[in-house]
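Please look over the chain below. A short report on its elements and contacts follows.

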Amino acid sequence: AIMQTQGRFLQALSTALPRATFELSEKRQSGSGSSAFTLKKIPERKFIFSQPLFSGFKEFAAMAGSKAETRQRRQEEVRARQLLFTDVADAFYYYDLYQEQLKSTQSIVQALFERMAELQKRVDLGRSRTSELASAESRLRKAEADVEQTKSDMTVARELLEFLTGTTLEAIQDEASPVFAVKTEQELADHAGRRPDVTAAREAMTVADRKVAVARAGFWPTVGLEGNYYT
């Protein structure tokens, strides 16, 4: 998109620059001799120079609009990179969260499994009721289901992170301990005007104003200069 806006700027600039062309023509007409079929050749070769002088300043408005649109697209690119960074960070921390959840749920499963083995012995000795064993088994199956759900969520988060980064992952580790300072509403309002998407919207408004100027220029007369140099 940035390259396209730069191309539109060059296109607008070309309409304001002088233009030179070369034209060759040959006219044939009946001669005035004794034969009625005698043809007379009249060749013409010339350079044509043209220079637009005034067209309602349409070209300058178009060039200004193209520059503003280029700045708009650059800010949109910055914002796209910011959003990509946010998506990668979200996927990273979701994957890290599911890793920790998987460890904890697996430890719960192990504890419940050991609890069931102990209750089974107590039931065999008649010291515990069968209902207690059934209740423990129910909690174990629920914990095992939680493990599988966490594995599924972790797989989705890992595939998303691999897609965003283009890197194959087995596990991740967050070695940093960032301190997130919560900003006040006034601080956020002060920074809002410098956000890339806000800046891009401001440039888009400038582009729209320049397009109005280009359309208004269509109501003005055009003045140009043209000269021929015959060779």
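Glutamate 137 has a relative accessible area of 33%, so it counts as partly exposed. Buried means under 20% relative accessible area, exposed over 50%, and partly exposed in between (1.4 Å probe, protein chains only). This is a predicted model: local features need pLDDT of at least 70, side-chain atom pairs count only at pLDDT 80 or more, and totals for chains, interfaces and linings use all residues. Residues are numbered from 1 along each chain as its sequence is written, and side-chain values use heavy atoms, with hydrogens and water left out.

Glutamate 137 pairs with arginine 141 in a salt bridge. A salt bridge is a side-chain nitrogen of Lys or Arg within 4 Å of a carboxyl oxygen of Asp or Glu. Side chains of opposite charge can pair when their charged atoms come close. Glutamate 137 and arginine 141 are separated by about one helical turn, because they are 4 residues apart in helix H3 (residues 130-165). Helices (H or I, at least four residues) and strands (E, at least two) are DSSP runs, numbered from the N terminus. Arginine 141 is also partly exposed, at 43% relative accessibility.

Two further pairs in helix H3 have the 4-residue spacing: aspartate 146 with lysine 142, and glutamate 162 with arginine 158. Aspartate 146 is partly exposed at 29%. Arginine 158 is partly exposed at 22%.

| Glutamate 137 | Arginine 141 | 3.5 Å |

The structure holds 16 salt bridges.

## Two buried threonines

Threonine 105 lies in helix H2 (residues 58-124). Its relative accessible area is 14%, so threonine 105 is buried. Its side chain reaches the backbone oxygen of leucine 102 at 3.0 Å. That is a polar contact: a pair of N or O atoms within 3.5 Å, where, within protein, one must be able to donate a hydrogen and the other to accept it, and residues adjacent in sequence count only if both atoms are side-chain atoms. Setting aside residues up to four places away in sequence, threonine 105 touches Asp146 and Val147. Contact means heavy atoms within 4.5 Å.

Threonine 199 sits in helix H5. With a relative accessible area of 16%, threonine 199 is buried. Beyond its neighbours within four places in sequence, threonine 199 contacts Gln75, Gly193 and Arg194.

Arginine 216 is in helix H5 as well. Arginine 216 is partly exposed, at 49%. Its C-alpha atom is separated by 88 Å from that of leucine 119, 97 residues apart along the chain.

## The sheet

An open sheet of 3 strands runs in the order S1-S2-S3, with antiparallel pairing. Strand S1 (19-30) and strand S3 (223-230) are the edge strands, and each pairs on one side only. Two strands pair if DSSP finds at least two bridges between them. S1 and strand S2 (residues 39-54) are joined by 12 bridges. Arginine 28 stands opposite lysine 41 in S2.

## Confidence

How confident is the predictor, on average, in the protein chain? The average pLDDT is 87, and 95% of the residues score at least 70. pLDDT is the predictor's confidence in each residue, from 0 to 100.
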